[in-house]
Amino acid sequence: MDGRGMLSPEAPVTALKNVGTKRAALYEKLGIHTVLDLLRFYPRSYVDYTSPVMASAAVDGESCVIRGMVLKKADPAPIRKGLVIYKLMANDGISNFWVTIFNNEYAYYGIHTGQEYVFCGKFSSSGGRFQLALTSYLPAEESKALRPVYSLTEGLSNGMVVNNMQEALRCADQLEDPMPRSVLLKENLCQLRYAIENIHFPKGQEDREIARRRLVFEEFFTLSLALVRLRGREKESTAVRIAGVEMQPFFDSLPFALTGAQQRAIREILSDLEKPWPMNRLLQGDVGSGKTMVAAAAVYAAAKAGFQSAIMAPTEILAAQHYATFSKILKPLGISVCLLTGSLTPKQKEQLKEELAAGRCSVAVGTHALVQSSTVFDNLGLVITDEQHRFGVEQRRKLAGKGESPHNLVMSATPIPRTLALIVYGDLDLSILDELPKGRQPIDTLVIHSDKRERALGFIRQHLEMGEQAYIVCPLVEESESELLAASQYRDRIVGFFSGMKVGLLHGRMKPAEKEEIMAEFQQNRIQLLVSTTVVEVGVDVPNATVMMVENAERFGLAQLHQLRGRIGRGSRKSYCILVSDNEGEENRRRLKVMKSTSDGFVIAREDLKLRGSGDFFGSRQSGMPALAIADLFADTELFQAAQNAARDLLREDPELEKPENSAIGVIINRLFDQNKNGWN
Ligand code: ADP
Ligand code: MG
């Protein structure tokens, strides 16, 4: 029987022609089991055969499309075993160009002299000779559309997917559109069938854009519904309600005016603290945006209302620094602060824990020592975790378990778009510091070869002579055993250059107390130059430091370099970041160029994401959230906003998604929930 008319979206991919168990297994790898899965497998990009360029206008090293008449075909040239290069010459109307084909005899013999084709490939030109390394081609008369390019897996070619897709589309009219009709009309979105057909085989850019817009919207809409639902789950009540605290004394005591963003974040937090359920808020702000002051305001409010706060920092250095900051601001306001870290003697710890348990100390700053079971609070009302990516969800929860549902504030310097934050941190509300304190000057970033190191050291010395301070981030070494050696040898090598100045050394193998001592000396300008491994990476704040030199800059990730660089440019004086790298690799050059061209953490995060692929951003898929198939978290923020609003509106009208026109999407949301019950922390 001819089953052609009966293809259904629910059928397994093996229902398609040429898909046997072998190809089905390849599709399986891509997460495609059914015909519907295949239809929902969107192209990664397109080749636009509709707008070829002239060879003389093509850009060296870039992918391009050129239309040309084939003049002659050279004989196949076997280069070595298993590699044959085929060449043919074509003319685009003005210039001749060579098309080279690697190992693809099928393509070579499919192309005929005297015929016109549209060729796509990587273009190069040298000595007036144009060359195109072929990736795909079409006969000229078929080149009236965009051609989809899919993410493939070994053994599966783009052509195979295209063929299967064309067949699968025959059941596009059976697809049930999960989007409520009212939303489609209101948002001016096309129907699912049109979207699916045109995301795969659009006739032009415009069709593709209409299709894409609808699919991105749908993706965000589904996600938003799920998120609103998630947050709407019954909130446990808290015994801690912090309201009516007079904040003016706190504001008056600050040495500067808060930025608008800081004020807004503080308002959002204070309003959370009044609620009868615990705050769960993420405070996100780029390095130097002043998150600590926002935290201090929350701590002040809690303390004045009679509740204790715990601040958890990822390193001893940071804990010590927060302790110093909080002490300076809060002690004059009559609030007691203590520091609890692993490096205290057992006796000191004992004593501090007693103070905490008795409620004599209002603010405890510490490292993971804080979460140990023997630490007991009298009335813990607020828990703050800094640089949260270093802490697991589990640790956060453990600390929160020490009070009667205390309020939670998480601080992160990873500047990710709102969209992504909402997805990664699922259940957290979000406050964003998108404004740096006034008077900051942009940091100048230079990239140099190591043969210019002496000059760079001279530059650093000049700045030290002007009373400023500097960091040198040491070359990275592989084994931690030699970290100490490498760092101290490095310091010995350069110390002669800085006679009369104190050069300190900081590395991860030091005892916490030693590290603290060094950091304190640096903070007080008793050390002028700090040679350090990456332990300074997170959070350290010494506004007088204006120069940072990073050795082996190629070994660091973009986000990490951004964090490192964030240690300078924190005061009103001009700061300089010198990245030393001898690596000429294209990717490295590109990365360092990004560092040179921007100090916007947001832009850097986006580039980082591009270079590493978005999969990484979700880390261990800690969020349990579904990955996005088509939406671009950076580019599509407006659509996200619109989809989120539409989702809220819909839930207001139909909270359980029970109305017939909403039932399809309701089913999808429920399925998402079942799959992710445990993942969505
Ligand atoms: P981060 O967000 O990176 O944790 P910090 O809280 O360490 O930033 O603040 C960076 C520096 O900016 C600190 O020296 C801090 O005292 C200072 N600072 C914070 N807020 C302001 C402000 N509103 N005006 C001027 N300086 C500020
Ligand atoms: Mg900080």
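Analyst: Happy to; we will take a few strands and helices in turn. Keep in mind that this is a predicted model.

User: What makes strand E14 largely enclosed by the rest of the structure?

Analyst: Buried means under 20% relative accessible area. In E14 (residues 407-412), 6 of the 6 residues are buried, so the strand is largely enclosed. His 407, Leu 409 and Met 411 point one way, Asn 408, Val 410 and Ser 412 the other way, and all are buried.

User: How do you know that E9 and E13 pair with E14?

Analyst: Pairing needs at least two bridges between the strands. E9 (residues 280-285) runs parallel to E14 and is joined to it by 5 bridges, with Arg 281 opposite Leu 409. E13 (residues 380-385) also pairs with E14 in the parallel sense, over 4 bridges, and here Leu 382 stands opposite His 407.

User: How do you know that the span of helix H15 agrees with what it should be?

Analyst: The expected span is 1.5 Å times one less than the number of residues. For the 13 residues of H15 (residues 453-465) that gives 18 Å, and the end C-alpha atoms are 18 Å apart, so the two agree. After H15 comes Gly 467, with a positive phi near 90 degrees.

User: And why is helix H18 called largely enclosed?

Analyst: Because 6 of the 8 residues of H18 (residues 558-565) are buried. They are Leu 558, Leu 561, His 562, Gln 563, Leu 564 and Arg 565.

Methods
Residues are numbered from 1 along each chain as its sequence is written. Chains are lettered from A and ligands numbered from 1 in the order in which they are written. This is a predicted model: local features need pLDDT of at least 70, side-chain atom pairs count only at pLDDT 80 or more; totals for chains, interfaces and linings use all residues. Side-chain values use heavy atoms; hydrogens and water are left out. Buried means under 20% relative accessible area, exposed over 50%, partly exposed in between (1.4 Å probe, protein chains only). Helices (H or I, at least four residues) and strands (E, at least two) are DSSP runs, numbered from the N terminus.
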